[in-house]
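The sequence and structure come before the details.

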Number of protein chains: 2
Amino acid sequence: MSTEVVLARARIGLLGCGNVGSELVRLLTHQTNGPGLQITRALVRDPSRFRGEGVDVPFTTVTEDLLADRPDVIVELLGGCEPARQLVVDALSRRIPVVTANKSLLARHGRELREAARRHHVPLLYEAAVLAGVPFLGTFARRPLAAGAHALLGIVNGTSNFVLTQCARQGLEPQAALADAQRLGYAEPDPANDIGGLDAAEKLVVLLQHFAGREVALSSVETRGIGDIAQLHHALAAELGGAIKPVITADWTADLRAFAGPAFVPASHPLHGVAGVDNALLLETARGRLLFQGPGAGPLATAATVIDDVHEVVDGVAARPRSSLTPAGSREQKTGWLIALAGRLPSSLEIADYLSAHAIYIRRSTERHSADGREWQGLLTWPCARETVARARHGIEAASGISVGAIRALETLR
Amino acid sequence: MSTEVVLARARIGLLGCGNVGSELVRLLTHQTNGPGLQITRALVRDPSRFRGEGVDVPFTTVTEDLLADRPDVIVELLGGCEPARQLVVDALSRRIPVVTANKSLLARHGRELREAARRHHVPLLYEAAVLAGVPFLGTFARRPLAAGAHALLGIVNGTSNFVLTQCARQGLEPQAALADAQRLGYAEPDPANDIGGLDAAEKLVVLLQHFAGREVALSSVETRGIGDIAQLHHALAAELGGAIKPVITADWTADLRAFAGPAFVPASHPLHGVAGVDNALLLETARGRLLFQGPGAGPLATAATVIDDVHEVVDGVAARPRSSLTPAGSREQKTGWLIALAGRLPSSLEIADYLSAHAIYIRRSTERHSADGREWQGLLTWPCARETVARARHGIEAASGISVGAIRALETLR
């Protein structure tokens with residue numbers, strides 16, 4: 001009589017078992033390629049909560065129990081900063097490789113985590129932190145020439161992209177589109193970080209650590225939400241040959257300039273077709289423009305990407321931790337603006353005069369519309385600073401009661 | 001007095017020093033990150049040929065001289081099958097890792113090369129073989145879940161994409177656009193493989209080895225050239241809301257279906273915006289659609305990608321050689337067709353009757369045009385086989401002297 005012991009290739013300690021964690025457990029349970037990855041234990045707050053069919057894994061509320069199993073890899077899916085930060089640092093200092101999808105943690109404590117990983121010569125992977133379903137971060141981490149970008153541009157928040165896409169296509173206001181997103185599982189119960197731009201700004205900071213070699217504070221990224229983008233703005237954007245999208249932009253050719261928020265995107269721009277919950281990243285390099293596009297979120301896409309990170313660690317092909325980064329602030333990038341005017345408008349000439357007195361020059365404008373005693377018109381300006389636009393805007397609103405919306409505009413790419 | 005010896009991190013033996021090889025030498029000569037990669041010797045046919053400024057590297061015409069240096073990596077940039085195949089196999093059997101950009105070699109002898117790499121436990125990388133400037137092949141080689149695609153779609157030949165883009169935008173005929181491409185350095189002196197579709201078919205075979213796990217003979221890929229796409233076709237395509245692009249398509253959900261050639265691409269399709277010498281690849285996976293886009297060729301993009309492959313080898317993070325593939329033939333995929341009719345046309349009803357008698361059903365059609373005693377019209381059909389279309393086409397041409405063009409049509413993606 002013989003007892004056959006089948007050993008897993010690697011044993012995973014799981015931190016957190018919410019939507020992504022549960023999906024990860026299900027994916028690993030149904031793996032068909034023989035002995036593979038095995039979850040030894042999951043650290044959770046409430047072991048008694050039902051997490052859906054097929055999520056059969058030992059739970060614990062005690063970190064030491066998890067570490068006592070001596071896992072080969074720690075997968076961190078807690079979200080937020082604490083206790084995630086402490087647990088990841090502890091794991092790295094015990095030389096346990098860590099895979100995480102936590103962009104908040106990386107945006108705020110990336111320096112400390114990378115330091116710990118480098119000091120202990122152990123991999124720290126986070127492919128799912130940005131464009132969760134599209135593998136590209138690890139690729140560039142191991143390819144120095146490809147990684148030599150000087151600017152990036154992207155759509156990295158699926159919830160706000162879905163909301164703006166629905167508003168533009170279905171004529172919904174943001175609140176209604178958000179309710180749709182929540183019903184379809186595309187938005188968190190508390191979507192404030194998505195709608196307010198913080199999630200996109202965090203991802204931008206992670207991308208800047210990765211591609212610009214700079215450590216940028218979240219507070220220095222110009223961040224805007226999409227909550228006040230109304231039907232008027234979508235209609236004027238369409239008339240001007242584009243759409244309003246939730247973008248991130250950064251350029252570090254010289255000083256760093258970084259922005260996260262809604263922008264007018266012309267129809268010929270590669271990001272114009274990125275709709276719904278899709279995400280995309282455009283990298284500008286000396287050797288051309290690279291575009292990566294695909295699902296930006298969702299438990300299944302995220303869990304699969306996390307598992308692939310674990311495979312890289314186990315196969316010993318993960319990129320080495322990078323050298324330290326330069327701290328950097330961000331300056332504003334001057335762009336064109338979509339200015340939406342609504343109310344009792346003065347003549348086009350008077351508007352142009354007033355704006356040019358503020359050094360704002362009109363590049364293109366829509367027809368002037370009127371209905372029910374209301375008038376509205378959209379203008380696309382040549383590049384100028386937010387400060388300049390804000391001053392003119394306040395001046396117009398104070399003097400005339402006209403409502404003035406201002407949304408950054410991306411240039412058509414050649 | 002002390003002599004300081006600075007050792008390179010890795011020493012490269014170069015096979016071939018044409019456009020890409022010369023660019024590679026220049027890039028490595030100007031590297032600024034301290035001791036890095038060093039080319040010990042380049043195997044060339046004619047050492048006396050001038051290869052441009054800054055291409056200073058010892059040349060040889062004798063393979064044994066190159067191997068006597070005991071290079072850490074062999075970079076193969078000869079192109080074509082022999083002697084490239086023999087040299088790569090020799091290098092692998094001496095356990096020297098190989099980096100190549102040679103899609104012809106991989107499409108025709110991929111099996112033998114991968115076998116040799118696996119047998120000797122040595123990396124064989126070829127990131128530059130498809131979408132030369134966009135790193136993605138190595139990424140998927142090390143990420144099993146992401147690599148689980150069931151279909152792909154792409155534009156992988158820059159020359160033919162440039163030619164069709166110029167024809168559509170500038171109203172040029174293919175020969176004139178090709179002359180432009182050659183003048184701009186976007187086309188080889190002998191562009192027959194690009195224009196005839198063979199280059200795209202070779203890349204498709206490499207992609208199928210990679211993503212479908214199948215070994216497909218080049219001869220079983222339905223391959224068409226772009227040489228007979230005329231202004232008439234571009235005009236009708238535009239009127240039907242799309243453009244004609246040089247695509248590859250493959251689906252292996254069940255039987256493999258593979259095609260390389262011109263196709264009607266609707267304006268809403270992600271490939272519609274891929275213009276000029278840009279290339280793109282769309283992967284269909286259970287977790288969504290991934291798009292990779294960027295420069296598809298050019299000495300600088302190709303050389304940089306090859307160097308990054310060498311970095312992966314040297315850093316020990318290259319993906320392991322994959323297990324063996326399944327030999328597979330390819331069946332035809334039924335698609336819609338853009339049918340371009342020109343000549344003295346019968347009534348629309350007669351055309352529809354004739355086609356439906358051949359089980360071809362019209363989905364949409366352009367206006368009927370006439371000028372200078374000529375008439376023309378475009379039809380988009382529902383899916384049917386090439387054989388079916390060919391039969392109807394020959395019937396019409398034989399009976400009526402009408403000229404009938406037929407170009408595959410891609411579906412709009414949702």
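A polar contact is a pair of N or O atoms within 3.5 Å; within protein, one atom must be able to donate a hydrogen and the other to accept it. The model is predicted. On that definition, 13 residue pairs, both at pLDDT 80 or more, are in polar contact between chain B and chain A.

**The interface**

On the side of chain B that touches chain A, α5 (137-141), β13 (288-295) and α11 (299-315) of chain B each supply at least two residues. The largest share, 10 residues, comes from α11(B). By type, the residues on this side of chain B are 18 nonpolar, 8 polar and 10 charged. The totals for the contact between chain B and chain A are listed below.

| Quantity between chain B and chain A | Value |
|---|---|
| Residues of chain B in contact with chain A | 36 residues |
| Residues of chain A in contact with chain B | 36 residues |
| Buried area | about 2900 Å² |
| Share of the buried area from carbon and sulfur atoms | 60% |
| Salt bridges | 6 salt bridges |

One of the salt bridges joins A:Glu312 to B:Arg143, with the closest N and O atoms 3.0 Å apart.

Chain A holds an open sheet of 6 strands with parallel pairing, in the order β3-β2-β1-β4-β5-β6. Because β3 (59-60) and β6 (124-125) of chain A each have a single partner strand, they stand at the edges, and one side of each is left without a neighbour in the sheet. Strand β1 (residues 10-15) and strand β2 (residues 37-43) of chain A pair in the parallel sense over 6 bridges. There, A:Arg11 stands opposite A:Gln38 in β2(A). Helix α11 (residues 299-315) of chain A packs on the sheet, where it touches β1, β2, β4 (73-76), β5 (98-100) and β6 of chain A. The direction of α11 of chain A makes about 160° with that of β4(A).

**The sheet of chain B**

In chain B, an open sheet of 6 strands with parallel pairing has the order β3-β2-β1-β4-β5-β6. Its edges are β3 (59-60) and β6 (124-125) of chain B; each has a single partner strand, so one side of each is left without a neighbour in the sheet. Strand β5 (residues 98-100) of chain B pairs with β6(B) in the parallel sense over 2 bridges. B:Leu125 in β6(B) is the bridge partner of B:Val99.

Notes: Residues numbered from 1 in each chain as written. Chains lettered and ligands numbered in written order. Predicted model: local features only at pLDDT ≥ 70, side-chain atom pairs only at ≥ 80, totals over all residues. Heavy atoms only, no water. Contact = heavy atoms within 4.5 Å. Buried area = accessible area lost by both parts, 1.4 Å probe. Salt bridge = Lys/Arg side-chain N within 4 Å of Asp/Glu carboxyl O. Polar contact = N/O pair within 3.5 Å; in protein donor to acceptor, adjacent residues only side chain to side chain. Helix = DSSP H or I, 4+ residues; strand = E, 2+ residues; numbered from the N terminus. Nonpolar A, V, L, I, M, F, W, Y, C, P; charged D, E, K, R; others polar. Pairing = 2+ DSSP bridges. Axes fitted to C-alpha atoms, helices over the stretch in contact; angles between N-to-C directions.
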